[in-house]
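Me: I have a structure to go through for class. Could you help me read its strands and helices?
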Amino acid sequence: MLSDLEIALSTPMRPITEIAHALGIEDEELDLYGNYKAKLSDNLIRRVSKTPDGKLVLVTAITPTPAGEGKTTTTVGLGQSLNALGHRAIVVLREPSLGPVFGIKGGAAGGGYAQVLPMEDINLHFTGDLHAVAAANNLISAIIDNHLHQGNSLRIDTRRIVWKRCLDMNDRALRHTVVGLGGKADGIPREDGFNITVASEIMAVLCLAEDLSDLRERISRIVVADNADGHPVTVADLKAAGAVTALLREALKPNLIQTTANTPALMHGGPFANIAHGCNSLRATKLALKLGDIVVTEAGFGADLGAEKFFDIKCRMGAIKPDAVVIVASVRALKHHGGVPKTQYGQENVAAVTAGFANLNAHIDNIARFGLPSLVAINRFPTDTEAELEEVIRLCREAGARAALSEVFTKGSEGGLELANALIDMMDTQAPDFRLLYPDESPLVEKIRTIASEIYGAADVAFSVPAAREIARIEQLGYGHLPICMAKTQYSFSDDPTKTGRPTGFTLQVREIRLSAGAGFVVAITGDIMTMPGLPKSPAAERIDIDGEGNIIGLF
């Protein structure tokens with residue numbers, strides 16, 4: 001089979017204006033970025049604001065494994081298959097970060113014959129949204145350090161500056177830095193550090209803002225430091241909100257692209273789900289609901305991270321309600337959770353599939369907690385045997401979930417027809433009763449405990465002394481009503497990535513609490529999770545190049 005990049009480059013694309021016209025979008029509502037990419041204007045969003053919403057389908061997955069589950073591929077393929085059946089479906093995705101592209105995970109454009117295009121542009125600079133986020137973030141940092149240099153009239157406590165610089169790259173050497181060295185003219189020396197851009201609060205703010213006015217208001221209330229009296233210092237105090245918003249004006253507009261089957265797709269925003277809230281922008285999702293009959297979107301990593309945050313953060317803030325959930329799984333991923341090493345994924349092992357199903361079952365149970373019907377998409381691989389596939393379907397049925405095979409990677413739209421038909425039937429016969437996991441008024445500690453016990457299966461939660469102290473302080477400042485954004489390893493329900501399957505009896509370790517007042521949530525950092533990843537021993541960057549004609553090669 002051809003590589004993802006070869007498939008992408010050999011697939012005929014339609015001009016993006018044709019994709020837009022099929023959705024009822026006028027030329028003047030498009031800001032073109034070449035022939036195959038466009039931003040969608042505020043005028044379009046206002047024009048369709050009274051249009052009834054379509055149905056919203058969330059695609060999530062079991063706990064990730066080294067095998068890869070194919071969540072984005074399934075999302076894209078499902079949208080294509082729904083369109084092939086005559087539905088007006090739109091795919092809505094996050095933008096890839098350059099960190100994983102050049103690191104170990106790869107891009108986020110799908111794969112095989114279920115990709116979004118132009119794949120090489122999307123996985124690299126795209127329309128510049130992530131660069132705008134980094135520039136906006138770092139403008140705040142520059143203003144903070146300039147304020148210190150110019151006399152510090154706000155009396156900022158340099159030991160309590162919580163705002164970090166950012167870079168959209170995996171670079172462990174930047175986690176802890178010192179700035180202001182060199183002499184009096186070069187600023188005030190202090191400790192600093194970098195987050196990866198997709199972990200920046202600016203990214204979260206961009207993805208949760210309703211419009212430009214809301215974006216500016218959220219930026220204004222971002223807390224960057226404490227003053228000498230222990231009171232918060234905000235971006236508004238720095239008089240920087242206007243300039244930061246100006247940098248993000250174009251980035252706030254959703255991006256329109258297409259899939260390998262010319263299905264329309266909106267791609268906008270890109271917060272990670274293990275260290276941020278893991279969903280594409282609220283603006284893109286809401287706009288897609290006005291333009292399509294069925295919107296297929298995804299949330300990052302497993303349902304314990306991405307789906308929980310999609311429900312408890314994004315749906316809460318945006319007042320949107322999903323109609324159904326698709327949980328992506330694979331036989332080889334179940335084998336992994338059943339204790340099988342990666343080298344033996346291709347060998348038939350029904351017993352390991354049965355054992356590993358405990359992980360998938362936990363995700364099915366969790367989706368039910370939110371009052372939503374779930375459909376398991378079994379992402380089929382050539383090494384899967386009929387006995388193994390039949391076992392997965394049987395176990396799903398016993399767990400109260402439907403299951404359907406998906407072969408969109410190799411067959412495109414045709415390979416997802418069984419999945420699409422099962423989804424339509426489920427939405428026609430099972431009405432959602434969507435509910436949030438916890439109310440706004442619950443104390444922050446109780447919100448964290450609820451997520452840990454009901455979603456992760458933890459027996460207890462332990463808070464470090466600094467974390468407990470910060471929770472008390474945040475509640476005293478009046479932010480106790482905010483939802484929780486858990487920062488946790490994606491490889492386990494616990495905070496220990498080696499505990500696969502469905503671990504029980506563990507204590508979740510909360511070591512740090514961060515207030516994201518602009519985004520509107522409180523981040524609870526668990527275990528060894530890092531907000532600036534590092535590159536692996538053999539990064540993907542070593543295999544990416546250009547040929548003599550300037551074409552990109554080695555990009556998946």
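Me: Let's start with β14 and strand β15. In which sense do they pair, and over how many bridges?
Reply: β14 and strand β15 (residues 264-267) pair in the antiparallel sense, over four bridges. Two strands count as paired if DSSP finds at least two bridges between them. Helices (H or I, at least four residues) and strands (E, at least two) are DSSP runs, numbered from the N terminus. The model is predicted: local features need pLDDT of at least 70, side-chain atom pairs count only at pLDDT 80 or more, and totals for chains, interfaces and linings use all residues. Residues are numbered from 1 along each chain as its sequence is written, and side-chain values use heavy atoms, with hydrogens and water left out.

Me: Which residue in β15 is the bridge partner of Gln258?
Reply: The partner of Gln258 is Pro264. The hairpin of β14 and β15 has four residues between the strands, and Asn262 takes a positive phi near 65° there.

Me: Is β14 buried or exposed?
Reply: Five of the five residues of β14 (residues 255-259) are buried, so this strand is largely enclosed by the rest of the structure. Buried means under 20% relative accessible area, exposed means over 50%, and partly exposed lies in between (1.4 Å probe, protein chains only).

Me: How does β14 pair with strand β2 and with strand β6?
Reply: Strand β2 (residues 38-40) runs antiparallel to β14, joined by two bridges, and Lys39 has Asn255 as its bridge partner. Strand β6 (residues 114-117) is likewise antiparallel to β14 and joined by two bridges; here Val116 is partnered by Thr259.

Me: Changing topic: what is the strand order in the sheet with β7?
Reply: That open sheet of three strands has the order β7-β12-β13, with antiparallel pairing. β7 (156-161) and β13 (232-234) stand at the edges with a single partner strand each, so one side of each is left without a neighbour in the sheet. Neighbouring strands of this sheet are turned by 50° against each other on average, direction ignored. Axes are lines fitted to C-alpha atoms, for helices over the stretch in contact, and angles run from 0 to 180 degrees between N-to-C directions.

Me: And what about the open sheet of four strands?
Reply: Its order is β20-β22-β23-β21, and the pairing is mixed. The edges are β20 (460-463) and β21 (484-487); each has a single partner strand, so one side of each lacks a neighbour in the sheet. Inside this sheet, strand β22 (residues 507-516) and strand β23 (residues 521-526) pair in the antiparallel sense over six bridges.

Me: Now the helices. At what angle do α12 and α18 cross?
Reply: The axes of helix α12 (residues 303-318) and helix α18 (residues 444-456) cross at roughly 125° and come within 11 Å. The two helices are therefore oblique to each other. Angles under 35 degrees count as roughly parallel, over 145 as roughly antiparallel, 65 to 115 as roughly perpendicular and the rest as oblique.

Me: Which residues meet there?
Reply: Asp304, Leu305 and Glu308 in α12 meet Ile451, Ile455 and Tyr456 in α18. Contact means heavy atoms within 4.5 Å.

Me: How do α11 and α12 cross?
Reply: The axes of helix α11 (residues 282-291) and α12 come within 11 Å and cross at roughly 60°, and these helices are therefore oblique to each other. The contact is made by Leu282, Thr285 and Lys286 of α11 and Lys314, Met317 and Gly318 of α12.

Me: Which strands does α12 lie across?
Reply: α12 lies across β21 and β23, and runs at about 160° to β21.
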